[in-house]
Amino acid sequence: MEMVNGDTKPGSSAQYDENFPSLPSVGNQPKIHAKNIESFAPDNISAIIEIPVSELKGDLEKQSVVCGDIAKSCGVEINLSNCKNKSLTVVINGPQSQVEKAKVRVTQSLHMQGKRIIKINQEYHRHLIGYKGSRKLTIEEKTLTKITVPPSESRSEEIVIEGPHKYLEAAEQEIRRTVKYYSEQVRENLNIKQEYHVFIIGPRNKTLNKIQSESGAKIYIPPPSKACNGVTVSGKKEEVAKAVKQINELIESLEKSYVDQLLPVDVDPSKWGYIIGPRNSGLTEIFEQTGMFIEPPSGNSNQFRFRGDSNSIGPTLVAIYKRGNSNDIESVTAPQHLHRLLIGKNGAALNEIRRGYPGVRISFPESGERIKIEGPVEEVSGVKERLQARIEELMMSHHLETLDVDPKYQSKLMSFLRQYFRLNKVNVRLVKAAECGMLENERHIFLEGEVSAVEMTKAEAMKMITKWSNEKTRDVIVEPRVQDLIRNDKPAPIMEIYNEFKEVSVHWPQDTFRRSQNVHQSGSGDNSSSTASHIVQLSGPRDQVDAAYEKLMKLIKRVRDENYEQEFSIFEACRDRILGPTICKLLKDTNTRIRYFDREKTRGVIFGVQSNVEKAIDHLERLQRSLATIEEVTITLPSWMLTKKAGNSSARLRSIREQCEGVQLKYDSTNPRKLIISGPPQSIEKAKSLMDSISKNMPEGCTEVSRHHYTVFLSPLVGSQFSSL
């Protein structure tokens, strides 16, 4: 409001409102709702059931037990509470599907149940039940009742509804509503030739969708692969009648001038793809324009099948020739390592070349240098010029270099180059021979990128190859048990090698070789995997590798000497008197260690220096003889059991020791064929019988092997020399 000499100037209110408009009201602002955001339902829901005291079943204790069983079986949480009017409130928490089940079971168990019988024509029983009982289950969960439908063979029309009195009416209404809906449904089968079905469907299902939307009926047409003339129309009576009328009118108008014939089309077969289109989209478009359904030629024929109104043949042929001659094919040549750059990330570079020419398609070959351009005639030439200019530009700015590398350095060099690219962030990449259009060669590595970056990378690679050529690799045979002792003891002995020879790399066998060695330790396994699990490699500068090798051999010898092991077993009768202070004192006196195989501590291994281990084992055996009644038997083994052909005899003796409780087996130090068996009398007899069975079974297999080798030895002598032999 304008003031003049302290007085308000008349007529200034409008000017004031124009200069100082009022701010919009905050409360009237429209709410902004986020779009395209998927809504998520909560994982758990709650349901409340209130049961009046007059309709309750059972006392409070029984109600709690019933609800506890329901909660456990349905996986929900149920809380009970009594109100002042003595009514019961049940609160159920959990997943929605389980809450609905629990709600029905609680109502049926705690609420006094009423019963109502209604009669429904048996032909509607299947609709009431639904697929696998789904519709009946839905009504039961919705109305908290139980519905019993009689079996079809009973011929009964009575349907029983059980549940709380206030829900019986709702369940009956749901049943009658379902029956009413299906009673109004009719179905009519039309006998229409299968060749006319495609016209009822129409291009892109447009005709079928139109009839269904206008009439409200559902139409089922069998697929072309099924030889059937039947068309099924279902829905309400008036809807079916309307749909049938439209279909009959369509067929009648089609039959007046229907034609089905083969016509030749004078178009180069290489351009048939433009006519047919991907997934017959071109023929579908012509069908939509002219109403003529076209089937492509089969085999070497150039004849298309025309089906439809005979008056549409002319416009259809025009449309076919127009599509066939509207496209052209050109090609350009580019080195294959440039194809990736021409395409760009997510096709960005290619889209830039095609900008303004959406109808052009550019195809890159999997192998080769020829790039195909196809599309409308007036657009192909423009895209070809752009593509050629881009190829010339890339050939000037990018370079392809081939490195000739010894195959034994290939994997190390590839790892070095990847790390070099990551640390120095150079614009160079490794490419495969197929990407370059080159032949595969195990000595070649291909580098592609800017010229300066490629030259710098090549210099670094050659420097590393020169360094590696001065390196040496030595193999050390170490059994897996010793490997574990060297690496896993605390402190690990191998740390001496690591700390003194930092430029030497120690390569341990893979864990898979160790597992296979354990599986095949019976001697019948794969020899290659067993050998590989024993090989430890040292690699690095020649002088350091030799020094590390000498020190590692001394370390292995020391670890072997300090960790000699021998198995033992303790008789059940002597276990309580030997375990504890007795065995601890024995280990302390002999300076050895022990490891048990089982929880009962009756079998295990004593390890340490060999003389100490033998002393401990001998002392343990003498101690057991003094504590228990045992016998000792010496048997003579067949000579073949000591040969390699018999396999791993230690594994067989270990198996016998495990099967015969309390038995100890050991070889006589003066005669390897003598086996000493000691233990309880019954176990000794069992061990002897097992040894006898092995002796009977093995000679046959050994004889076959021997005969096989003897034949191979004699094979060079067959012929003129055999008679003299």
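**View 1. Arg474 over the ring of Tyr549.** In this predicted model, Arg474 lies over the face of Tyr549, at 3.6 Å from the ring centre.

View 2. Tyr181 and Tyr182 form an edge-to-face aromatic pair, with 5.1 Å from centre to centre and 85° between the planes; the pair counts as edge-to-face because the planes are over 60 degrees apart. Tyr181 is partly exposed, with a relative accessible area of 43%, and Tyr182 is also partly exposed, with a relative accessible area of 22%. Elsewhere in the chain, Tyr196, Phe199, Tyr258, Phe287 and Phe293 form one aromatic cluster.

View 3. Three strands in the order E18-E20-E19 make up an open sheet with antiparallel pairing. Its edge strands are E18, residues 399-404, and E19, residues 428-431, each of which pairs on one side only. On average, neighbouring strands of this sheet are turned by 30° against each other, direction ignored. The antiparallel pairing of E18 with strand E20, residues 444-449, extends over 6 bridges, and the bridge partner of Glu401 in E20 is Leu447. Helix H18, residues 451-469, lies across E18, E19 and E20 and runs at about 10° to E18.

**View 4. Helix H5 and the residues on either side of it.** Ile139, Glu140 and Thr143 are buried in H5. These three residues cover an arc of only 100° around the axis, which puts them on the same side of H5. An α-helix has 3.6 residues a turn, so residues three or four places apart point the same way. The cover over the buried residues of H5 includes helix H3 (96-110), H4, strand E7 (146-148) and helix H6 (165-183). In the loop between helix H4 (125-129) and helix H5 (134-143) is Lys132, which has a positive phi of about 55° although it is not a glycine. Lys132 is exposed, with a relative accessible area of 73%, a value that counts as exposed because it is over 50%. Just after H5, Leu144 takes a positive phi of about 55°.

**View 5. Helix H11 and its buried face.** In helix H11, residues 281-290, the buried residues are Gly282, Leu283, Ile286, Phe287 and Thr290. Seen down the axis of H11, these residues fall within an arc of 140°, so they line one face of the helix. Among the elements that cover the buried residues of H11 are helix H7 (197-201), helix H10 (272-276), strand E13 (293-295) and helix H12 (313-324). Phe287, one of the buried residues of H11, is also a member of the aromatic cluster that includes Tyr196, Phe199, Tyr258 and Phe293. Gly291 follows H11 and has a positive phi, near 80°.

**View 6. Asn346 in the loop between H13 and H14.** Asn346 is placed in the loop between helix H13 (339-343) and helix H14 (348-353). Although Asn346 is not a glycine, its phi is positive, at about 55°. With a relative accessibility of 75%, Asn346 counts as exposed.

Technical notes: Residues are numbered from 1 along each chain as its sequence is written. This is a predicted model: local features need pLDDT of at least 70, side-chain atom pairs count only at pLDDT 80 or more; totals for chains, interfaces and linings use all residues. Side-chain values use heavy atoms; hydrogens and water are left out. Rings of Phe, Tyr and Trp (its six-membered ring) pair if their centres lie within 6.5 Å; planes under 30 degrees apart count as stacked, over 60 as edge-to-face and the rest as tilted. Buried means under 20% relative accessible area, exposed over 50%, partly exposed in between (1.4 Å probe, protein chains only). A charge sits over a ring if NZ of Lys or CZ of Arg is within 6 Å of the ring centre and within 35 degrees of the ring normal. Two strands pair if DSSP finds at least two bridges between them. Helices (H or I, at least four residues) and strands (E, at least two) are DSSP runs, numbered from the N terminus. Axes are lines fitted to C-alpha atoms, for helices over the stretch in contact, and angles run from 0 to 180 degrees between N-to-C directions. Contact means heavy atoms within 4.5 Å. The arc is that of the directions from the helix axis to the C-beta atoms.
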